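Hi,

Here is the structure I promised to pass on to you.

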Amino acid sequence: MPPRTSRAIVQTGPRQLELRELPVPELTDDTGLLRVEACGICGSDAEQYTGTLPVQYPLVPGHEPLGVIEAIGDRAAKRWGVNVGDRVAVEAVIPCGHCAVCRSGRYTVCRGRGGMFGHGYVPLDRPPGLWGAYADYMHLDAFSIPHRIRTDIPPSIAVIFNPLGAGFRWAVELPRTGPGDTVLVLGPGQRGLTSVIAARAAGADRIIVTGLSRDAAKLALARELGADHTIDVEQEDLRRRVRELTGGRGADVIVEVASYTTEPVADAPWLAATHARVVLAGVKGFKPVADFVSDLVVVKELTVMGAFGVASRAYEAAIRLIESGRVPLERMHTHDFALEDAERAIQVLGGEVPGEQSIHSCLLPALRA
Ligand SMILES: [Zn+2]
Ligand SMILES: [Zn+2]
């Protein structure tokens, strides 16, 4: 019998989180109940916490769920091909399934159910309430998208499916990266590192990663995970260094994953080879980009594209790579937190706690504080 209530972290406003006991939703033929093993946290969690990313309160945050099917409706079990006891990685987005973007297959920007609809983003007053993964149990909607993943991988590593999925979509799928390509990753954070892993898995010829002086440890990790070269943009002349490393050609693929700083966007056209694909995925708080020379986009015939979220193909690629055990993902994982320490977890991730530097962190509801 599934439990009647679940602990959950409820956000009631900017920087306001509280631990509550919430009712577990009734199961229907089309829904499921996930026992959350881990919930990854990323930059979006920090933005949601501080209020930079607007959401409707109160709500249960947590958009990177990994867990075990605790209960499931008959039709959901058939549709998803999973059953009680299976471990699944759940996509953040809950698409509507029938709007224009859903029908085109590019459902990461679906707004068909009103605003950004997904795990961790739907308010509590929308039944059945337990939409987010900062909880012991999470509701699985008829349109949630679970992917089966092996149970013998530690939860804090298996939950890397989410950032690694972003690496596959942003650094491989969208720019069609393959053998022979030089890939330049601007920013060595969680998404920058998973872009390196994905580009390497896709057979990229050469991978270069940039960062600041304070990112030295992350740049070293980037080299360990497959980058051929790293550039400290505060110590080295970025454009000259990229020219040197590419024999004057520039990069074939550029993945921009630096948050809030607009400089890398202005740099990208200078660093690009003719006909390069430039993927912009780092959010800037809607700041305009100074010194962007659009003529370079014209004369080099660059393809500039935006990337928001991750879809099934890339998640599947990430899950297969995690299951292969070929990549030392544990090197990326820095912090495990108990559910009741969610606030501290976000503060560590957001760089608000002196002396703590997170690369990949997660909440483990079974961990007792
Ligand atoms: Zn995230
Ligand atoms: Zn839709």
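Below is what turned up, starting with the metal sites and moving on to the aromatic rings.

A word on conventions: this is a predicted model, in which local features need pLDDT of at least 70 and side-chain atom pairs count only at pLDDT 80 or more, while totals for chains, interfaces and linings use all residues. Residues are numbered from 1 along each chain as its sequence is written, chains are lettered from A and ligands numbered from 1 in the order in which they are written, and side-chain values use heavy atoms, with hydrogens and water left out.

**Zinc sites**

The zinc ion (ligand 1) has Cys42 (SG), His63 (NE2) and Glu64 (OE) as its protein donors, at 2.0 to 2.2 Å. Donors here are N, O and S atoms within 2.8 Å of the metal (3.2 Å for Na, K and Ca), and since water is not among the atoms, sites may look incomplete. Along the sequence these donor residues are spaced C-x20-H-E. Cys42 sits in the loop between strand S3 (32–41) and helix H1 (43–50), and Glu64 in the loop between H1 and strand S4 (65–72), so the pair ties together parts 22 residues apart in sequence. Helices (H or I, at least four residues) and strands (E, at least two) are DSSP runs, numbered from the N terminus. Both Cys42 and Glu64 are buried, meaning under 20% relative accessible area with a 1.4 Å probe, protein chains only.

For the zinc ion (ligand 2), the coordinating atoms are the SG of Cys96, Cys99, Cys102 and Cys110, at 2.3 to 2.4 Å. The four donor atoms subtend angles of 104 to 115 degrees, which makes the arrangement tetrahedral (all angles between 85 and 135 degrees). Their spacing along the chain is C-x2-C-x2-C-x7-C, and Cys102 and Cys110 are buried.

**Aromatic rings**

There are two aromatic pairs, where rings of Phe, Tyr and Trp (its six-membered ring) pair if their centres lie within 6.5 Å. In Phe117 and Trp131 the centres are 5.4 Å apart and the planes at 75 degrees, so this pair is edge-to-face (over 60 degrees; under 30 is stacked and the rest tilted). Phe117 and Trp131 are both buried.

The pair of Phe161 and Tyr315 is tilted, with 5.7 Å centre to centre and 50 degrees between the planes. This pair links helix H5 (residues 161–173) with helix H11 (residues 312–324), the two residues being 154 apart. Phe161 and Tyr315 are buried.

Best wishes

Definitions and conventions
Buried < 20%, exposed > 50% of the residue type's maximum accessible area, 1.4 Å probe, protein only. Tetrahedral: all angles 85-135°; square planar, octahedral: opposite > 155°, others 65-115°.
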